[in-house]
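I wanted to see how two chains sit together. These are my notes.

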Protein chains: 2
Amino acid sequence: MSDITALISKLSGLGLSNAATPVEHAPVDSVEQWAEALSTVSGLPAEYTLTKTLIFKPKQPKSEAMAPVVVIAKHDSPTNAKAIGAELKLKELRFANDDVLTDVFQTAKGSVSPFALANVPQESIGNVRVVVDKALLADSTGNIAFHPLTSSHTVFISAATLQSFVQSVEGLTHVTEMDFTADAGAVAKAEKKPSSGAAATADDDDVAAAVSRGGIDVSKEVDFPKWYQQVLTRSDMLEYYDVSGCYIVRPLAYFVWQQIQEFFDAGIRSLGVKNCYFPMFVSSKVLDREKEHIEGFAPEVAWVTRAGSTELAEPIAIRPTSETVMYPYFAKWVRSHRDLPLKVNQWCSVVRWEFKNPQPFLRTREFLWQEGHCAYMTEKEAMTEVYDVLTLYRRVYEELLAVPVIEGVKSQKEKFAGGVATTTVEGFIPATGRGIQGGTSHYLGQNFSKMFNIVVQDPEDSGADRPKLHVHQTSWGLSTRTIGVMVMIHGDDKGLVMPPRVAETQVIIVPCGLTVKHSDEDRRVVSDACLNVEARLRAVGVRAESDLRELYTPGQKFNHWEVRGVPIRLEIGPNDLAKDSVMTVRRDNSAKASVAMAGLETSIQLLLSTMQSDMLIKARKTLDERVKIVLEWKEFVPVLNSKCVALIPWCERDECEDQIKTRSSRDSLGDEPEDDKAPSMGAKSLCLPFKQPTNPPIVDGETKCIQCGENAKRYALFGRSY
Amino acid sequence: MSDITALISKLSGLGLSNAATPVEHAPVDSVEQWAEALSTVSGLPAEYTLTKTLIFKPKQPKSEAMAPVVVIAKHDSPTNAKAIGAELKLKELRFANDDVLTDVFQTAKGSVSPFALANVPQESIGNVRVVVDKALLADSTGNIAFHPLTSSHTVFISAATLQSFVQSVEGLTHVTEMDFTADAGAVAKAEKKPSSGAAATADDDDVAAAVSRGGIDVSKEVDFPKWYQQVLTRSDMLEYYDVSGCYIVRPLAYFVWQQIQEFFDAGIRSLGVKNCYFPMFVSSKVLDREKEHIEGFAPEVAWVTRAGSTELAEPIAIRPTSETVMYPYFAKWVRSHRDLPLKVNQWCSVVRWEFKNPQPFLRTREFLWQEGHCAYMTEKEAMTEVYDVLTLYRRVYEELLAVPVIEGVKSQKEKFAGGVATTTVEGFIPATGRGIQGGTSHYLGQNFSKMFNIVVQDPEDSGADRPKLHVHQTSWGLSTRTIGVMVMIHGDDKGLVMPPRVAETQVIIVPCGLTVKHSDEDRRVVSDACLNVEARLRAVGVRAESDLRELYTPGQKFNHWEVRGVPIRLEIGPNDLAKDSVMTVRRDNSAKASVAMAGLETSIQLLLSTMQSDMLIKARKTLDERVKIVLEWKEFVPVLNSKCVALIPWCERDECEDQIKTRSSRDSLGDEPEDDKAPSMGAKSLCLPFKQPTNPPIVDGETKCIQCGENAKRYALFGRSY
């Protein structure tokens with residue numbers, strides 16, 4: 001990005017005499033923030049007009065040079081992408097992505113201004129189209145505000161200077177003036193036509209949303225994938241990484257993971273499990289030992305073949321999971337029944353080089369998880385542990401993340417490769433109507449102990465033919481996917497909503513109600529009160545923080561912490577102090593309440609725990625509404641299409657599961673042939689829930705599978721899934 | 001391993017009629033344990049003779065087939081390897097390693113018996129030599145005890161049966177009888193000859209040691225590398241792994257790591273550092289960005305080139321450290337001075353595919369560590385943090401691991417590649433006289449921020465030529481090497497000695513003094529007392545555990561927990577209970593003391609903290625004795641050869657450091673040409689200690705470097721090192 005001073009001298013050089021020295025303020029993300037930021041600066045013009053500068057890109061053949069459109073407009077002009085496209089005869093204008101901003105305009109989101117035109121390389125400037133809002137050209141204040149290449153500064157220029165500047169950009173040929181007010185009516189009408197689809201006007205929503213949401217400029221309802229990406233990146237939870245399918249887990253998200261670790265680690269310790277660490281590398285010989293198991297993972301295994309400039313004699317795999325890494329050593333360590341049970345766990349990362357679309361937290365090529373591996377004398381002991389661990393997984397979701405889950409067992413098709421039975425906690429994402437596997441606890445039976453020869457002599461039998469017993473094994477894993485599920489379920493159009501138990505900052509304290517009338521002493525009193533409250537809350541274990549940053553307005557701070565999902569905001573101002581109280585604002589439902597300073601610790605702790613349980617209650621209510629008992633096939637696909645999952649009487653046969661997937665995919669298409677956005681993904685079994693519906697009950701030999709008509713065994717939960 | 005029943009039927013088939021059914025007991029590691037184990041079994045012969053079966057291997061050309069020697073002897077016969085070698089005309093008999101036991105005899109350490117001869121493949125049996133102790137053949141009890149292929153069973157046979165069995169082994173031709181008592185005197189004399197060297201008789205020491213040490217059969221003094229390996233594996237701290245240079249960190253060791261994590265994590269949190277997780281993969285483009293840095297790591301980088309059966313378009317590296325992984329994102333996140341300081345840390349594993357000899361914990365291809373990375377506005381802030389973190393590293397070593405370290409700064413040659421200065425805590429291993437780098441905290445200056453363009457605008461300067469400032473960075477790391485250093489410093493010939501603060505089990509409670517005379521009720525009273533003491537200690541946060549296993553004798557339990565280094569043993573028996581006291585035994589110095597039941601919690605807490613500080617005091621005393629001020633070059637190598645490190649007035653020039661290394665290596669050889677076991681490794685600079693000697697002080701312009709005679713700047717610590 002160019003330097004501001006360079007710009008100023010350039011403007012001066014152009015003879016644009018009223019290019020005042022830029023004013024510094026806090027960096028801003030929205031017009032509201034900008035207005036607030038300027039309100040704290042002294043010596044400004046009495047009247048000024050705020051602006052927005054937007055960069056669009058039309059749909060073009062890849063062979064054509066990109067033709068970006070720069071729209072310079074009054075902040076509240078309805079800059080509708082469709083209308084602009086129509087005016088310029090360009091198809092499907094969309095906001096340009098960050099690469100265009102960086103590479104072509106050498107600027108960044110939030111700092112875009114007309115001055116970025118000066119940065120466009122000579123070979124590209126001829127393709128740029130500029131649209132200037134007529135409302136700006138008619139501006140009467142004489143002071144139009146722009147960011148001079150950074151959102152933490154503002155420069156005020158007249159309409160004439162703006163025009164001179166645009167004209168001064170060498171090579172720029174396409175400049176259009178446009179009256180956005182005139183177009184607004186036409187577009188508003190267009191939006192109401194049902195056939196136009198949501199996507200076509202999303203851009204316009206985006207513009208408005210970006211202003212009101214302070215950072216998140218897509219609605220969860222309108223474009224869920226983009227919303228998810230924005231919430232993760234703009235809350236500083238996650239950063240995209242330059243190796244595809246890998247992501248940076250930033251402190252806000254890692255804190256959640258540490259909370260999960262702490263809870264779960266204590267849980268398994270009380271079950272007698274001990275932590276350890278096995279190498280991440282596996283020799284191919286060992287990896288291949290259990291055939292069924294490795295077939296499940298082989299296509300995703302990453303191979304190291306070279307170290308420095310030396311080719312390895314044998315390629316070495318990076319663990320996709322550690323059954324075959326660990327069990328040869330179990331065979332060594334288990335010599336007698338007195339060495340059982342053997343219970344270990346490790347916190348590590350594993351690598352599964354999937355070629356499907358990666359998704360942060362949900363499907364990543366490297367991910368963090370824990371994997372527990374235990375060996376027992378009997379199936380009964382092993383099964384007890386399988387369930388004990390599953391209960392811990394349910395508690396992680398429900399008690400820590402406020403996410404309701406459905407416990408059950410996987411179908412034969414969906415179980416863990418090489419194991420006997422997989423139990424699971426299944427989550428549900430209401431925004432997409434898709435199920436998501438939350439964590440699995442496997443009973444491996446004696447499959448691996450037979451492959452790896454993990455045996456003991458039967459202590460019950462002292463006869464001459466004393467047999468060798470193969471141990472019964474379990475394995476179980478929970479990953480950082482937990483974090484993605486939490487974000488998807490609780491987040492809203494303002495950003496993250498963090499369940500209090502896992503929020504790094506549970507309470508953010510913001511000084512408020514201070515204006516230019518207040519003295520420094522007034523400000524000090526409020527700051528001290530904030531710090532005092534912070535100290536009181538920290539003393540009782542509440543993770544409280546004061547935001548006393550001077551350059552930022554209260555509104556900017558509210559947005560900052562809302563995007564990051566901080567559960568409770570405490571506002572403290574002179575009026576609150578006069579009443580010996582503080583104002584609390586809940587992130588989940590925006591409920592405001594004044595709370596007395598006396599006993600504040602207890603009030604806040606109560607508020608945090610109320611919010612925690614309210615979030616679970618709300619999410620469970622949604623889940624309950626979206627799990628439908630379906631007794632006839634014809635209802636099945638419509639239920640899926642209404643973003644629900646279905647509990648159906650089922651025969652539990654593999655072939656039937658395949659047929660359900662095929663038919664539900666085909667029927668989806670068949671029902672709505674004209675809409676290519678309809679979800680055509682087939683449904684698969686999510687689990688056979690432990691808690692079976694009783695109305696109507698499955699009657700042995702009478703109740704039939706709704707797909708194939710064979711005898712139904714149990715209700716199964718089917719749905720589209722991640 | 002063959003089945004016992006199969007063996008019995010084989011013995012019966014051979015007409016060995018008195019091959020009684022084997023008796024079961026706890027698995028045993030030594031003759032003492034064996035005697036104790038048998039003492040708990042009823043229905044045994046009134047008199048019996050315990051035995052030992054040893055397998056040796058002579059020094060042979062690799063081209064020859066291996067000729068193992070099986071010695072079957074009375075448990076207390078002095079089976080001297082030299083004498084046996086002389087008798088058989090075989091050179092340098094050594095104990096056979098585990099591979100020979102497993103592959104040739106299909107048995108394992110601790111379970112070796114004459115019956116393993118039956119397992120030897122037909123193609124090998126002709127090379128096996130058997131030596132039978134004449135004392136056994138003359139045995140009058142008629143009941144010679146052997147382990148029938150497993151140390152948890154005993155079979156009693158007569159001398160005649162033993163002879164018949166040996167004769168029955170098909171293809172076995174070399175059987176010798178030997179009178180060990182007669183040879184003992186001769187060997188005892190041989191041992192006293194000073195020229196014979198320690199190594200030659202180590203085997204004999206080993207035999208005695210294996211009996212008395214319950215598992216560790218090498219002395220720390222005699223064969224330190226083997227001792228280290230045995231202590232790690234037999235204490236269950238670590239297991240060797242089938243990918244070279246990788247090891248399994250078992251729960252006992254991982255617990256230490258978790259204690260370090262907890263302490264250090266709290267420490268850096270209070271410095272404002274937050275945890276995160278960056279991917280383990282780096283694109284080659286990013287890895288190569290900082291030239292000097294990557295040159296330091298390139299030969300050790302592991303490359304992933306394939307996923308499943310798909311060749312990757314570009315090979316992807318596994319991080320050897322994360323500077324280049326993280327800093328492109330620092331450039332993105334740091335936009336203004338208000339984003340500084342940026343402080344993150346991650347707990348992860350890194351991979352450095354070294355081709356030097358790997359050593360558990362000290363040099364491994366994958367290792368666990370934490371790496372902190374921070375960015376600051378100024379050098380001063382960065383340096384403050386460099387020292388703050390170094391202090392935490394020192395505290396980890398001293399306060400948790402009871403290991404004294406020397407703080408200082410690395411020479412230019414030894415500093416971190418790409419950084420400006422490396423501060424370090426240096427440890428010292430008295431057993432080898434070698435220094436070891438304990439943890440490093442780097443000031444990176446602006447090297448990386450210039451490469452990765454991590455800049456802010458100077459907030460102090462609002463002038464027209466407002467410059468961009470490159471941030472000042474730090475990085476710092478501490479690894480599981482800590483655990484290796486702790487083991488090497490504190491361990492003894494009985495096994496691990498764990499500093500109480502990091503011991504998973506701090507107190508082991510063993511019921512004692514119960515004999516066959518005692519009633520079940522007596523036993524119950526003692527057990528209850530143990531559990532009661534355990535509960536009392538746990539209630540005050542002491543990690544206490546009772547060992548109430550029934551099949552094991554107190555002696556076996558003592559050995560079991562001594563190998564594992566448990567700091568305090570509490571013995572509770574009827575006599576102790578009568579006196580309302582318990583017996584405490586310290587692991588570090590074997591001090592025994594009776595402690596009253598009343599106030600036991602406080603007494604034990606005090607004992608643990610005394611032991612913790614005694615261990616540090618003892619280790620520091622040794623360190624202080626081994627750091628020698630050396631003022632003349634001629635003393636330098638002799639000081640190294642006496643297992644010390646040297647503080648020398650030094651010029652701090654790279655060339656001089658090279659010369660010191662070369663000269664100290666050559667001089668070593670020159671001094672002792674006849675002894676090829678003398679350490680010829682050259683010395684390198686370990687650090688320039690912060691705490692400089694004052695007697696004599698370095699006088700600027702007067703004191704000369706002891707190697708080259710240039711002006712000395714500071715005292716530097718030089719030594720052989722890991």
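Do the copies meet through the same surface or through opposite ones, and why? I kept in mind that this is a predicted model. I compared the two sides: 100% of the interface residues of chain A are also interface residues in chain B, so the copies meet through the same surface.

**Symmetry.** I laid chain A on chain B and got an RMSD of 0.4 Å, with a turn of 180° and a shift of 0.1 Å along the axis. The two copies are therefore related as by a two-fold rotation axis. I then looked up which C-alpha of chain A lies nearest that axis, and found A:Val304, 2.1 Å from it.

**Extent.** I counted 73 residues from chain A and 74 residues from chain B in the contact. Together the chains bury about 6100 Å², with 56% of it on carbon and sulfur atoms. I checked who contributes: A:Tyr277, A:Phe281 and A:Arg338 supply 11% of the area chain A buries against chain B, more than any other three residues.

**Polar links.** I found five salt bridges across the interface. One of them joins the side chains of A:Lys274 and B:Glu504, at 3.4 Å, N to O. Polar contacts came to 29 residue pairs, both residues at pLDDT 80 or more.

**Make-up.** Strand E13 of chain A (residues 302–307) gives the largest share of its side, six residues. By class I noted 42 nonpolar, 13 polar and 18 charged residues on the side of chain A that touches chain B.

**Strand pairing.** I followed E13(A) across to strand E13 of chain B: they pair in the antiparallel sense over five bridges. In that pairing, A:Ala302 has B:Ala307 as its bridge partner.

Methods. Residues numbered from 1 in each chain as written. Chains lettered and ligands numbered in written order. Predicted model: local features only at pLDDT ≥ 70, side-chain atom pairs only at ≥ 80, totals over all residues. Heavy atoms only, no water. Least-squares fit on C-alpha atoms with pLDDT ≥ 70 in both. Contact = heavy atoms within 4.5 Å. Buried area = accessible area lost by both parts, 1.4 Å probe. Salt bridge = Lys/Arg side-chain N within 4 Å of Asp/Glu carboxyl O. Polar contact = N/O pair within 3.5 Å; in protein donor to acceptor, adjacent residues only side chain to side chain. Helix = DSSP H or I, 4+ residues; strand = E, 2+ residues; numbered from the N terminus. Nonpolar A, V, L, I, M, F, W, Y, C, P; charged D, E, K, R; others polar. Pairing = 2+ DSSP bridges.
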